[in-house]
Amino acid sequence: MTENLPHDKRPVCILGLGLIGGSLMRDLATAGRAVYGWNRSAETVEVAAGDGFDVTSDLPEVLRRAEADDALVVLGVPMPALGFLLDAIAEHAPSVFFTDVTSVKAEVHALVEEHGLSGRFVGGHPMAGTADSGWSATMTGLFKGAVWVVTYDNAVELDGDPSSAEYMAAERWLDAWSRVVAMARHTGADVVVARARKHDSAVARISHLPHVLAETLAVAGDNGGPLALTLAASSFRDGTRVAGTSPDLVRAMCENNREALVTALDESIALLQQARDGLARESADLKSLAEEGFAARGRFEARAGRNKGDLTNRPVMRVQPGAKGWLEQLRSAEYMGAQISVF
């Protein structure tokens with residue numbers, strides 16, 4: 001299947017050069033895309049510039065440049081810093097389209113709407129990362145084979161008078177949506193579509209909950225003292241890996257997805273209570289939980305592969321942005337967890 005990924009001469013402007021934003025800059029440059037960026041830290045800018053990248057610490061300047069270039073702007077900062085960047089975009093780049101890489105989507109969409117910028121926004125979330133952060137942690141190939149979620153809450157079907165302002169605005173948004181999909185694909189990621197709340201409900205279970213459980217497991221192991229930490233091996237190391245993430249980043253992820261995460265936590269606590277009861281009473285056991293967990297892991301491996309980098313068994317759906325019926329296609333793809341291909 002051939003996917004339409006034309007070389008877009010319009011640049012990408014990345015605001016925030018941490019692990020995700022910086023790795024995206026590396027991948028796009030490697031793919032031959034025009035890319036430049038901004039970071040608040042002059043030290044980060046100096047190091048990134050020393051690595052050969054076009055970066056600055058002057059936000060108004062880079063946004064005016066993005067406006068002149070019709071660049072696609074990527075917000076690569078944590079949730080608490082988004083409002084500051086949205087204010088700057090409204091002032092210095094009043095017509096650019098932009099996306100983000102934040103791990104929650106409903107709160108981001110709401111914040112964008114509060115700033116009156118929804119018509120220029122396409123939400124995004126690459127499901128990739130490490131426990132490290134900052135420019136020094138960036139790498140080429142971070143997103144290869146990963147899922148990149150692209151939201152479609154603002155999607156429309158092209159209809160009406162092509163010369164009307166509404167039609168042309170919709171056409172521009174569809175172009176921006178396609179640019180976000182193409183940008184993700186140029187990094188080697190697989191694009192999956194989801195509406196903001198559907199996304200947040202899903203990532204609460206498979207991303208944010210693992211952070212809470214990893215922190216809990218790390219504390220429980222540490223409470224066992226020096227001997228426990230000496231005996232700890234791969235199961236403990238793997239289970240606590242994301243506990244090495246910056247506490248501020250963990251809080252930003254989890255606290256901005258409270259409702260969905262509490263639901264997932266309640267279910268998990270019930271399962272842990274079931275396990276505790278199974279161990280505390282001689283007449284009970286862990287049979288049910290162990291078998292259900294084994295089967296659930298098997299279903300995950302059947303879709304995603306046993307190891308990172310394995311070929312996946314996700315369905316693929318081809319979509320044509322704006323075409324009649326494409327919104328129904330997106331809803332079907334969301335329900336199935338299918339990746340999409342744009343033509």
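Rings of Phe, Tyr and Trp (for Trp, the six-membered ring) pair if their centres lie within 6.5 Å; planes under 30 degrees apart count as stacked, over 60 as edge-to-face and the rest as tilted. By this rule the model holds 4 aromatic pairs.

This is a predicted model: local features need pLDDT of at least 70, side-chain atom pairs count only at pLDDT 80 or more, and totals for chains, interfaces and linings use all residues. Residues are numbered from 1 along each chain as its sequence is written, and side-chain values use heavy atoms, without hydrogens or water.

Select Phe53 and Trp135. Their ring centres are 5.5 Å apart and their planes stand at 75°, so the pair is edge-to-face. Phe53 sits in the loop between α2 (42-50) and β3 (55-56), and Trp135 in the loop between β7 (124-126) and β8 (147-150); helices (H or I, at least four residues) and strands (E, at least two) are DSSP runs, numbered from the N terminus. The pair links parts of the chain 82 residues apart.

Next, colour domain 1 (12-194 + 314-342) and domain 2 (200-284), with bounds from an automatic or database domain assignment. Their C-alpha centres lie 31 Å apart.

Now show the interface. Here 13 residues of domain 1 are in contact with 14 of domain 2 (heavy atoms within 4.5 Å). The two domains bury about 930 Å² between them, 59% of it on carbon and sulfur atoms; this is the accessible area (1.4 Å probe) lost on being put together, summed over both.

Finally, look for polar contacts (N or O atoms within 3.5 Å, one able to donate a hydrogen and the other to accept it, with residues adjacent in sequence counted only if both atoms are side-chain atoms). The rule finds 2 such residue pairs across the interface, both at pLDDT 80 or more.
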